[in-house]
Amino acid sequence: MDERLQKALDFSNYMVTLNNQKRVLQETVYQDLVYYTSGSKFTINKELICFCSTLANLNREAVVLIDDNDIPVRIENIKDFLENILDVYFTATNKFHSEYQKLKTSRSVEKLIEL
Amino acid sequence: MSQGVLVFARNNVEVDYVKQAYFLAKQVKKHLNLPTTIITDSGKYLRHEFNDYTTVFDNIIEIVWKESDLTKNTTLSKTEKHTYKRYHDGTLVEKKLEFKNETRTLAYDLTPYDETIVLDSDIIINNNLFKWCFEQPNDFLIYKNAYDLAGFRDYSEFDNISDTSVDFYWATCIFFRKTDTNKIFFDLVQHVQENWGHYKKVYQLNRVVYRNDHAFSIAIHIMNGFIPGREFAKEMPGKLYYSTDKDILFKIEDNEFLFLLEKEKYLGEYTPMKFKNHNIHVMNKFSLNRCIDEVLNV
């Protein structure tokens with residue numbers, strides 16, 4: 001086979017593998033961004049963080065939030081709740097960042113899957 | 001309140017579901033610290049092949065064929081007319097084998113636990129996410145959404161049970177508590193199963209083969225008041241990740257898996273993928289068993 005074509009096909013395989021790894025990594029990060037507390041489930045996003053932050057700044061203490069299953073949940077201390085979701089958020093995004101960096105610097109299929 | 005995992009394992013001539021259940025029970029112990037009950041028609045084989053079965057399984061419930069054989073920890077087989085389905089081992093190998101899936105509807109009656117997670121034997125538990133099931137207030141959880149590792153395949157068949165029918169739910173992982181409502185639900189699933197010919201017409205299914213996912217989906221639709229929605233059945237924690245039997249599980253190393261995913265439009269070619277720290281449903285039973293052999297022999 002023409003060497004130029006072989007190189008292009010190798011690169012193409014690398015790109016497919018890289019994109020697959022990126023896609024699944026992103027998907028698993030969504031799962032890491034879920035906070036489970038007192039039998040309820042909250043997907044953490046910027047909107048939830050901003051809302052909780054506003055409530056905390058208004059010195060609200062006990063509030064009712066609606067979880068992912070549309071169930072109202074009484075949160076006794078919104079400041080603790082905010083701290084906890086921030087903790088989960090940064091743990092997930094830091095993990096995302098480090099895994100993403102690893103992918104970015106892996107320049108071959110073998111390195112991408114650490115064979 | 002007793003808590004545990006229930007797994008059904010009925011071998012056919014080529015697929016060793018008991019071995020998968022044995023591996024699953026070990027993973028359940030490791031990550032969830034829960035006991036596992038196995039329901040099988042291969043009790044003799046289990047006792048012969050796996051010396052430490054008493055420490056791995058909390059209970060063994062055997063399926064028997066005659067009423068006169070019924071004793072404690074046995075259940076009567078619902079039918080001997082099993083269905084056949086195609087099993088792939090990657091994109092190039094295909095076998096038509098017996099598929100004994102009719103006992104799952106008895107989960108409510110057979111479970112020894114107050115709170116039960118029913119799992120397919122081909123699920124690999126890789127974290128403690130399912131612990132949350134026991135902490136939350138809903139009595140019935142099931143997956144509606146699942147995620148295909150390959151990404152490109154059209155699996156709209158997992159959105160609805162047919163193009164013109166109701167929402168699809170995965171009977172692969174279920175959590176339930178022993179409640180009166182759940183008793184009604186499981187009795188209804190058995191009724192749907194027993195009258196499959198009728199329900200598959202009413203719900204416009206064009207497949208002949210009975211499938212638990214479809215029976216559970218129909219029963220959920222009925223329990224929900226014949227409308228779509230999430231009133232009766234809530235979502236299991238996380239997402240159900242799966243690889244189909246056209247993919248190959250190549251290696252299991254601790255919490256990491258190496259998959260060879262079917263390549264789009266290139267029959268017989270694969271793309272490698274590393275997947276870690278999440279639970280996964282591996283539909284290629286042959287490659288799963290090969291990997292379990294490797295792990296258990298180490």
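This report covers the chain interface, pockets, nonpolar cores and selected loop residues of a predicted model.

## Interface between chains A and B

Chain A puts 23 residues in contact with 29 residues of chain B. The size of an interface is often given as the accessible area lost when the parts come together. Here the area buried between chain A and chain B is about 2300 Å². Carbon and sulfur atoms give 52% of that area. On the chain A side, the residues that lose the most area to chain B are A:Glu27, A:Gln31 and A:Tyr36. Together they make up 26% of what that side buries.

## Largest pocket

The largest pocket has a volume of about 1100 Å³. Its lining counts 37 residues. Nearest its centre lie B:Lys85, B:Phe99, B:Arg211, B:Met283 and B:Lys285.

Several elements of chain B give two or more residues to this lining: β1 (3-9), β5 (83-88), β6 (94-99), β11 (170-177) and α7 (212-223). The most comes from β5(B), with five residues. By class, the lining of the largest pocket has 15 charged, 14 nonpolar and eight polar residues.

## Second largest pocket

The second largest pocket holds about 330 Å³ of space. It is lined by 20 residues. Those nearest its centre come from both chains: A:Gln21, A:Leu25 and A:Glu99, with B:Lys274 and B:Lys276.

Chain A supplies α1 (3-32), α3 (78-105) and α4 (109-112) among the elements that give two or more residues to this lining. Chain B supplies β16 (270-276). α1(A) gives the most, with six residues. The lining of the second largest pocket has eight charged, seven nonpolar and five polar residues.

## Nonpolar cores

The largest nonpolar core has 78 residues. Within it, B:Phe57, B:Leu119, B:Phe130, B:Phe140, B:Phe185 and B:Ile218 touch the most other members. Helix α1 (residues 17-32) of chain B brings the largest share of this core, eight residues.

What does B:Phe140 touch, not counting residues up to four places away in sequence? Its partners include B:Ile174, B:Phe175 and B:Phe176. Also among them are B:Asn182, B:Phe185, B:Phe186, B:Ile220 and B:Phe232. B:Ala233 and B:Lys234 are on the list too. A second, separate core has 26 residues, including A:Leu18, A:Cys52, A:Ala56 and A:Val73.

## Loop residues with positive phi

Most residues other than glycine have a negative phi. B:Gln204 has a positive value, with phi near 55°. B:Gln204 sits in the loop between α6 (196-202) and α7 of chain B. Its relative accessible area is 42%, so B:Gln204 is partly exposed.

B:Asn277 also has a positive phi, near 65°. This residue lies in the loop between β16 and β17 (280-282) of chain B. B:Asn277 counts as partly exposed because its relative accessible area is 32%.

## B:Asp69

Where is B:Asp69 found in chain B? The residue is in the loop between β3 (59-64) and β4 (74-76). B:Asp69 has a relative accessible area of 35%, so it is partly exposed.

Leaving aside neighbours within four places in sequence, B:Asp69 is in contact with B:Val64 and B:Thr74. B:Gln190 is 121 residues apart from B:Asp69 along the chain. The C-alpha atoms of these two residues are separated by 23 Å.

Methods
Residues numbered from 1 in each chain as written. Chains lettered and ligands numbered in written order. Predicted model: local features only at pLDDT ≥ 70, side-chain atom pairs only at ≥ 80, totals over all residues. Heavy atoms only, no water. Core = buried A, V, L, I, M, F, W, Y, C linked by side-chain atoms within 4.5 Å. Buried < 20%, exposed > 50% of the residue type's maximum accessible area, 1.4 Å probe, protein only. Helix = DSSP H or I, 4+ residues; strand = E, 2+ residues; numbered from the N terminus. Contact = heavy atoms within 4.5 Å. 1 Å grid on protein atoms, 1.4 Å probe; cavity = no way out; pocket = protein on both sides within 12 Å on 5 of 7 lines; lining within 4 Å. Points joined across faces, edges and corners; volume = space filled by probe spheres on them. Nonpolar A, V, L, I, M, F, W, Y, C, P; charged D, E, K, R; others polar. Buried area = accessible area lost by both parts, 1.4 Å probe.
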